[in-house]
Amino acid sequence: MLEKLVNGFETHLFRNRMWVILSFILITLFLGYQASQLKMDAAFSKNIPLNHEYMKTYTKHQKDFGGANRIMVSVEDTSGNIFNPEYFDTLKKVHDELFFIPGVERSQVKSLYSPSTRFTEVVEDGFAGGPVIPADFRNDDYGLNVVRDNVEKAGIVGRLVSNDYSSAMLTAQLMDFVAKTDEEMAESEGAEKDITTKPLNTIQFAKQLEDQLRGKYETDTIKIHIIGFAKMAGDVAEGAKGVLLFFLIAILITAVMVYLFSKSLILTILPLVCSLVAVTWQLGLLTVVGFGLDPMSILVPFLVFAIGVSHGVQMINAVRRRVLDGQNTKAASASAFRSLLVPGGVALLSDTVGFLTLLAIDIGIIRELAISASLGVAVIILTNLILLPLVISYTTIKPTKEDPVKKAKIENLWRSLSRFATPKYAVIVLISTAILYGFGFQQASNMKIGDLQGGAPALHLDSRYNQDTFHITDNYSITTDYMTVIVEAKPEACTYHSLLNEIDQFEWMVGNTPGVESTASLASVSKRVNAGFNEGNPKWQVLPRTTASLVQAVGRVPTTSGLLNGNCSVMPVFLFLKDHKAETIEVVIAKVKQVAEQLNTDTLQFKLASGPVGVMAATNEAVSEAQLPMMIYVYGAVFVLCLISFRSLKATVAVIVPLYVVSTLAQALMTWLDIGLAVSTLPVIALGVGIGVDYGIYILSTMSGKLTQGMEVQQAYFEALVERGSAVIFTGLTLAIGVSTWFFSALKFQMDMGILLTFMFLVNMLGAIIILPALSAIFWRKPK
Amino acid sequence: MSFRTLRNVVAISLGCLISTASVNAQFDPLSVQIQPLAESSLVLDIAKAGDSLVAVGERGHVLVNQQQDWKQISSPVISQLTKVFFLNEKQGWAVGHDATIIHTEDGGLTWQVQFQSAEVEKPLLDILFFNEQEGIAVGAYGLFYRTADGGNEWVQEFHEELLFPEDVSYLADLKAEDEALYLSERAALLPHFNRVIQLSDNQLLMVGELGLVATSSDNGLTFTAQPFDYEGSMFSAIEANNAVFVMGLRGHVFKTDKLFSQWQEIELPVKSSINNAFITEKGTLYLVGNAGVIIELDSNDSANIVARRQGENIVAIESDNQGQVWFAGSKGLFQLK
């Protein structure tokens, strides 16, 4: 039935091959144009699991508290002292420049120059105070001395001025949407006319920071350090550009490999071109479906290219075989098409389904990866299973006789390999596999969740961004590793002693958790304000029982502090952590949950979580929760597809078991190399399994036909190797080389993904030629 | 007298009601009092109890130092404790917010509540015992309690003699018109009594808000204000080198003779409030205060900054039996290296 269908399809295709090729060219031109419109895109919200419980709290209060999308700019004077006129000039300019960059929430720009930076001091008859930089500030020695005194009185050393007075800080909150420019307004059509805002372009924003702050003001004596998600995304995008070079290198190496394999220039060029067509289509389709290219999904073109080439190689291998058998090129192409459409299609379909399972993970960036990768792989069915044989059919391939010595050598290799399909060797292989698996499983269970290094995990430790992060965390009493617990209560809750006291208790108990360095909340700040109202006497550092005194103390804390909203029905508790390692986060989260459960009442709820570490906690939880379902889906999909194509449970198991062992070993590798399970590494296993299954399918599809005919297992395996062995080994190597160029990426996560994918591609290939035959030897002990 | 006692009884039972209502069934704040950070969070006083030191601070924290290590002891209250006093190595009292008085009979290892009234909404700031039976506790807005039975019963006193003359006549008018308003006004008109010490001639010296320096020769039944030329708050006092020093707001330290007739202001290099003083066995006078200042005063009364610990207010200072000096403040207990 299926065969009939394939044959009919082949007849039609090859009869109209000119038109088919022409339409491919037209589509390629169209999608090529679309691909050229592709933009880099890295929105903050795409990186977080928006539907996670913590993130719902985060989004709910984002408007009041800005959430986690902040940037910090530290302006350093390399002389070690900021109190000189030149420095203050620059600082003022940087402040104004930052203030006017589109996307900056202007009411939340904080620096020495912002009017909300004030000091208060206790004097005999009450308080005295004013802006740290007074309205009549003159930038001279006298003025600077006044500012220096005010800085100390304002208690901002460690926050807005570094502990050693060598740099000063500017912080800004970013908006998710910015106003459209007049031009953009003029361009927009229809319903869009009424929309006056557009999403903030993070990468463009980062470029503005780089050009307008660092580019303009960094000199020999002034150093500008910038951190924050937007800057990091910009640096990641910048680093991702290096990928183009890796892509060229990968193409080059692959070309050499294909040439060595095919010994023919035309047979080298054709699969490469068809694979590049697939890449073009994939990139073009991204624009069509409205996606941008993300630093993470920038890896997909590599995968598409490598998968394309490996299927292309299967195709030219098949054609060449048939030419050697005496067919002309056209007939050989048609016949190769017929024989590969089903196994190739199934293999690519299972890749596609494997990638699609990633959709189950509720993190935007992973979903985009799933869609772009599955699009790309589905496209290969068209380009390398249909277009490639059609194009080959126009060429004339000379049947170069194989060197008999070499042929004998290779046959000897296949002969030796085929011993894995004898019961004796099979037992040895399977026992070693079991031992390896046991060891791997034990290691895999120690796999860490989340980011294991300091700074921004996407970038290398010695990157400018991470160096800036270390400059800021070393010189200020600031950490970027904080989370906030949101306290939801009734309106005006902060005027009730009992409610603030609960928050104070919460803060104290959570503050005593290992990993929490310090804490802040409206309760603890009000206590200090109350001491301030009582002549700065530390003995009054309490929450006053008298409502009037309490209101007086709380009233001094502005909403810009981020410690309360307008009617103080929501009051975050800040937890500053020693780092953002998953273990640290887990301990703190567990403690918060435990204390919250004890303290939560109808009127007062402690809810997780916001702040950078709050987001990480949610991501870690989402990632670790997604791992098992993802594995179940991807293996489920592969299982069903194998079952359909082989119609044999034994064959299906023989394909899947090696895959499973290799996935476990990949997790063990993550433990050894200190690679944490993160948004970037989570999809790798699914990608690895989805692609790894190809080898097994190719080998077993040849074998199963022969086994059904009653051939012995070893012989069947031998013949499968003769027919497909070199292509399979070649495919494994091509794929591995394609992704191994990522080792040299400027981005840490690309390196991690590169290592893991290379491992999965190579070892899955070994699994298919060693473990799979061993399993077959046991399953089909007696020929049917 | 009997009226005030009654009021206290009402206050205590009210306080119990309030606290019962606010305590969540699953949550007992006392059960979570012992925490690793107690030693490094706000500690407000240190006292010697025989060979050991006892420190008190926020959230009712009590810490005992016996062999160079501080160990947190569970205390019966969570109100901030502001002062601790030991009559001898066993008998001690600590006072604090919510008019709390707690008592120990074993040198600070176990404590019992003697008095507490959240309802007065005022802290006690110092406590002093003349013998095992008789003592006084003083606090904010002229809060003053006396016991004659070792603290079983505390009776409130009102030190009208320390009111300003204009407030005296105001109160007298008010009493005739509106008894309730009179009581509430009266409860807020006296200055804070920040510190009370016993001088070597058995006189009491009490210092407080609005330049209050007062002495008493009858164990605090009546006080006589000692006028001098400053109106800011005085936080502490010490007798040293045959003179009396009082100290307080914005770096103001005054030295006077024991008759309080000759006053002299000591020049300090800082404007931070001075919270406390201590004289070592060797005769070095230390002053500690806000903005982390630790100042040494030599025999010529010239000041020398020993340390300035940023972002820290220092409130207490005491030496252990080895002669090592301990400091305490907003970041807990520490020694100078």
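Residues are numbered from 1 along each chain as its sequence is written, chains are lettered from A, and ligands are numbered from 1, both in the order in which they are written. Because the model is predicted, local features need pLDDT of at least 70 and side-chain atom pairs count only at pLDDT 80 or more, while totals for chains, interfaces and linings use all residues.

**View 1. Chain B as a whole.** Chain B contains three helices and 27 strands; helices (H or I, at least four residues) and strands (E, at least two) are DSSP runs, numbered from the N terminus. Its radius of gyration is 20 Å, close to the 20 Å that the globule rule gives for 337 residues, so chain B is as compact as a globular protein of that length. The radius is taken over C-alpha atoms, and the globule rule is 2.2 Å times the number of residues to the power 0.38. Along the principal axes, the C-alpha atoms of chain B fill a box of roughly 55 × 50 × 35 Å. Of the 337 residues in chain B, 45% are buried. A residue is buried if 20 or more other C-beta atoms lie within 10 Å of its own, exposed if 12 or fewer, and partly exposed in between, with C-beta atoms placed from the backbone. Among the contacts in chain B with a separation of 6 or more, 44% are between residues 24 or more positions apart; two residues are in contact if their C-beta atoms, placed from the backbone, lie within 7 Å.

View 2. Four strands of chain B form an open sheet in the order 1-2-3-4, with antiparallel pairing. Strand 1 (43-49) and strand 4 (70-73) of chain B are the edge strands, each pairing on one side only. Two strands pair if DSSP finds at least two bridges between them. On average, neighbouring strands of this sheet are turned by 25° against each other, direction ignored; axes are lines fitted to C-alpha atoms, for helices over the stretch in contact, and angles run from 0 to 180 degrees between N-to-C directions. Strand 1 of chain B is joined to strand 2 (residues 52-57) of chain B by six bridges, and the two run antiparallel. Ala49(B) stands opposite Ser52(B) in strand 2 of chain B.

View 3. Three bridges link strand 7 (residues 100-104) of chain B to strand 8 of chain B, the two running antiparallel. In strand 8 of chain B, Gln112(B) stands opposite His103(B).

**View 4. The loop at Ala99(B).** Ala99(B) is in the loop between strand 6 (92-96) and strand 7 of chain B. Although Ala99(B) is not a glycine, its phi is positive, about 45°. Ala99(B) is buried, with 28 other C-beta atoms within 10 Å.

**View 5. The two domains of chain B.** The domain assignment of chain B gives domain 1 (1-26 + 41-157) and domain 2 (195-337); such bounds come from an automatic or database domain assignment. The centres of these domains of chain B, taken over C-alpha atoms, are 23 Å apart. In chain B, 19 residues of domain 1 are in contact with 17 residues of domain 2. On the side of domain 1 of chain B that touches domain 2 of chain B, strand 1, strand 2, strand 9 (124-129) and strand 10 (135-139) of chain B each supply at least two residues. Strand 1 of chain B gives the most to that side, with six residues. The residues of that side divide into 12 nonpolar, two polar and five charged. Ala, Val, Leu, Ile, Met, Phe, Trp, Tyr, Cys and Pro count as nonpolar, Asp, Glu, Lys and Arg as charged, and the others, Gly among them, as polar.

**View 6. The contact of chain B with chain A.** The contact takes 31 residues from chain B and 20 residues from chain A. On the side of chain B that touches chain A, 13 residues are nonpolar, 15 polar and three charged.

**View 7. Two backbone details in chain A.** A cis peptide bond, with omega about -5°, joins Leu608(A) and Ala609(A). Ala609(A) lies in strand 12 (residues 604-610) of chain A. Tyr165(A), not a glycine, has a positive phi of about 60°. Tyr165(A) is in the loop between helix 6 (141-154) and strand 5 (167-174) of chain A, and is partly exposed, with 16 other C-beta atoms within 10 Å.
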